[in-house]
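Take a look at the model below.

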Amino acid sequence: MPTTTRERIVAAAVEMTTSSGWAAVTMGRLADAAGVSRQTVYNEVGSKPALAETMILEELARFLQVVERAFDTEPDDLTRAIERAVTDVLTYASANKLLHAVVSATHGADTELLPLLTTNAGSLLGAAKEVISARVAPYTPGIDAEHLDPAIDMVVRVVLSHVMQPSGSPERTGADIAWLAGQVLRG
């Protein structure tokens, strides 16, 4: 439940985006929905592009919480932890209304948010790789340090690809990605 003014504004933006599309989000409509002035919207979230980035990064934080919980359930087996994390992330993604609003073209040519997940996804990828690196380290994978970062980058990018365009069930994809990652991480 949003408690701060900023949280209410971002929640209203997410609701508008999922129900009507990003193009329908205006600072005036957002102010009305959050029960604040337009100036308050600008003061709290800045420009519309800044709001978009905030929405995406907050959603990323929820995805990374899913990853954290998955690793917590498999503290002794890195491959199983990866499988659980991938499966849980893909399951979460399949039901995520904001992600669907961003990825689908159901709102016409409303693709302003999509680059935040694709071509301009640097901060998203960086945050995900940082969390995964921290979670993988305690397992002491057999791969040398020089190749660990590229291996993690590969896994994160493959998972993001499946988030954007699933090709199978979360369980099958999780098992496949975990198997591949397990092969690479053994070194």
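Is Arg-135 buried or exposed? Arg-135 is buried, at 18% relative accessible area; buried means under 20%, exposed over 50%, and partly exposed in between, with a 1.4 Å probe and protein chains only. This is a predicted model, where local features need pLDDT of at least 70, side-chain atom pairs count only at pLDDT 80 or more, and totals for chains, interfaces and linings use all residues. Residues are numbered from 1 along each chain as its sequence is written, and side-chain values use heavy atoms, leaving out hydrogens and water.

The side chain of Arg-135 meets that of Asp-72 in a salt bridge of 2.5 Å, N to O. A salt bridge here is a side-chain nitrogen of Lys or Arg within 4 Å of a carboxyl oxygen of Asp or Glu. Arg-135 lies in helix α7 (residues 122-136) and Asp-72 in helix α4, so the pair ties together parts 63 residues apart in sequence. Helices are DSSP runs of H or I with at least four residues, numbered from the N terminus.

The structure holds ten salt bridges. Asp-153 takes part in one with Lys-129 (2.9 Å, N to O). Asp-153 also forms one with Arg-157, the closest N and O atoms being 2.9 Å apart. Asp-153 is buried, at 18%. Lys-129 is partly exposed, at 27%, and Arg-157 is partly exposed, at 44%.

Now helix α2 (residues 27-34). Its buried residues are Met-27, Leu-30, Ala-31 and Ala-34. On the other side, Asp-32 and Ala-33 are exposed. Just after α2, Gly-35 takes a positive phi of about 75°.

Technical notes:
Helix = DSSP H or I, 4+ residues; strand = E, 2+ residues; numbered from the N terminus.
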